[in-house]
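Subject: Structure handover

Hello,

Please find the structure below. Notes on what was found in it follow.

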Amino acid sequence: MLPRTEIRAAFVALSLLCAAVARGSAAPQRIVDRIAARVENDVILLSEVRELGAYQLLINGKKESDGQLLDRLIDQWIVRTEAEVAHFPRPAEADVDRELDTLKKTAESPERFNVRLRGSGLKEPELRRLVREQLFLANYLDSRFRPAVQIEPKAIEEFYEKTVVPLAKARGEPPPTAEAAREWIREVLVQRGINEQADRWLKESRARLHVEKEIP
């Protein structure tokens, strides 16, 4: 199998060749794809920017700008590159199935989800591939940074008093007991710590990369 970089290069070359042929034909054609950024000896394609935007639209109902999406793809390139060097395992298909089921439950019904999926422009195989990739990246970051996150009991108590209780009152609901909420709060704070450490690491990693952006 060709390395990932060679496959991308071949794809871009084919796209440009198709565009050149189209310019010489009677019927006008559009360029299939183009490079959005060069990262080290690799490339990120505009189609990848569009695809991530479609995924965000499906998940959040809105998407970021092309420039923001490209920054996210550069961050994903950093995480993926390190994970692959470390031979980090890909998620099992059963785990991908669970993620998809969770995603589908965010809609009011399967029919409603299918409407959202069509509106995003993604197809089922593309969605499954994207979910698999996002799960792979998230699992690696969790594995890399979770061991370093330490949560003090006082932090759990403060989160309960300042966040859980006021939120329950705002909803007109009785708050859960501190003991019942303890493990949930701990995981929320752990995830926050993972995100903070990952953000610092990505910022430092980006500073060492050679990146040429083709879109703003």
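Helices (H or I, at least four residues) and strands (E, at least two) are DSSP runs, numbered from the N terminus. Proline 153 lies in helix H7, residues 153-170.

The model is predicted, so local features need pLDDT of at least 70 and side-chain atom pairs count only at pLDDT 80 or more, while totals for chains, interfaces and linings use all residues. Residues are numbered from 1 along each chain as its sequence is written, and side-chain values use heavy atoms, without hydrogens and water.

Proline 153 is partly exposed because its relative accessibility is 47% (buried is under 20% relative accessible area, exposed over 50%, partly exposed in between; 1.4 Å probe, protein chains only).

Glutamine 56 belongs to helix H2 and is buried, because its relative accessibility is 10%. Beyond neighbours within four places in sequence, glutamine 56 has contacts (heavy atoms within 4.5 Å) that include Lys63, Leu69 and Arg72.

The largest pocket holds about 1,000 Å³ of space. A pocket is an open set of points on a 1 Å grid over the protein atoms alone, where a 1.4 Å probe fits, with protein on both sides within 12 Å along at least five of seven lines; lining residues have an atom within 4 Å of a point. Volume is the space filled by probe spheres set on the points. Among the 28 lining residues, Arg72, Gln76, Gln134, Ala138 and Leu141 are the closest to the centre of the largest pocket. H6 gives the most to this lining, eight residues.

Regards
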